[in-house]
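My entries follow the structure shown here.

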Amino acid sequence: MAAGSAAVRALAALDVGGTADKISLIPQDFFAELCEQIIQHLNHKIPGINTAELCQFVDMKWKLGVAMSSDTCRSLRFPYVAVTLSVADPSGQVTDKSFEMSIPQFKNFFRQFKEMAAVLETV
Amino acid sequence: MAAPEQQPPPPEGSKLLSGLLSGIAQTTYYGNADITEELLRGQLYPEAAPEEFRALRAKMGGLLQSIASADMDLNQLEAFLTAQTKKQGGITSDQAAVIAKFWKNHRVKIHESLISQSRWDNVLKNMNWRVDLKSQSRHVDQINTPVAIVEMELGRNGKVGPCERVITV
């Protein structure tokens, strides 16, 4: 904890807009992981995000389906979740991105968003 | 009762048939193109004539296809194999036992393979995310807004797809 407070005090000297206060609210192990990723990026070990390519989330549609039968298998009985994301590219143009997930894949998808929501709450 | 077609020698028959079924599964369901008919014959039934082996492979492949297509449970499997032992040009009860054991061990994996063969839309291959904090911005109202950035990799079976990066707030 002491090291964390020292870091926060050091940041406060450079602080613009209360960033240090926000950072001190982030769970410490998560903050450590973020710093690790930044260091890796600066060392050219992982790619960064090209913010010029980022799309803005607009809408999400979903459906739950069951694939019953196909030409290779008469009895598929495969449940899946199909999602369509509407995203706006930097120019403002909206496109749809569609994909399918099996139920285990969907559970993981859902869990990731729950984690994201939890982090967004704390920051 | 009609005699069944020519069979390989009984003592090792079960092991050989099991090997044949594995070989058929490799090409048909697990996408292994290296397991050719000639390879299987050479490894398992080197004494058999090519046409004889081809007929055996076709018969066993056909049975496996029927079983896999219906994704048979144990009851359906037993009924199906029993019927096969009773018909002309069918199978012996030893062969039925080998096929039953093979299906019990491979059912889940073969079914997953068949499912995978029927998924030709984009699937979510990978997903990464992070939460950013904008500490300075040209637009004052965005200062200190937490932002979630999600990177999703969408693609078709076996192909690397476009990497979609989506930002959400």
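**Entry 1: the model.** I noted at the outset that this is a predicted model.

**Entry 2: positive phi in chain A.** I recalled that most residues other than glycine have a negative phi. I then looked up R77(A), a residue other than glycine, and found a positive phi near 45 degrees. R77(A) lies in the loop between β1 (55–67) and β2 (78–88) of chain A. Is R77(A) buried, exposed or partly exposed? Its relative accessible area is 48%, so I recorded R77(A) as partly exposed, since that term covers values between 20% and 50%.

**Entry 3: positive phi in chain B.** D71(B) is not a glycine either, and its phi is positive, at about 45 degrees. I located D71(B) in the loop between α3 (50–69) and α4 (74–86) of chain B.

**Entry 4: a helix pair in chain B.** At what angle do α3(B) and α5(B) pack? I read an angle of about 55 degrees, with the axes 10 Å apart; helix α5 comprises residues 93–117. That angle makes α3(B) oblique to α5(B). The crossing of the two helices is right-handed.

**Entry 5: the residues that meet.** From α3(B), I listed M60(B), L63(B), L64(B), I67(B) and A68(B). They meet Q95(B), I99(B), F102(B), W103(B), I110(B) and L114(B) in α5(B). I sorted the residues of this contact into 10 nonpolar, one polar and no charged.

Definitions and conventions: Residues numbered from 1 in each chain as written. Chains lettered and ligands numbered in written order. Predicted model: local features only at pLDDT ≥ 70, side-chain atom pairs only at ≥ 80, totals over all residues. Heavy atoms only, no water. Helix = DSSP H or I, 4+ residues; strand = E, 2+ residues; numbered from the N terminus. Buried < 20%, exposed > 50% of the residue type's maximum accessible area, 1.4 Å probe, protein only. Axes fitted to C-alpha atoms, helices over the stretch in contact; angles between N-to-C directions. Parallel < 35°, antiparallel > 145°, perpendicular 65-115°, else oblique. Left-handed = near helix turned anticlockwise from the far one by under 90°. Contact = heavy atoms within 4.5 Å. Nonpolar A, V, L, I, M, F, W, Y, C, P; charged D, E, K, R; others polar.
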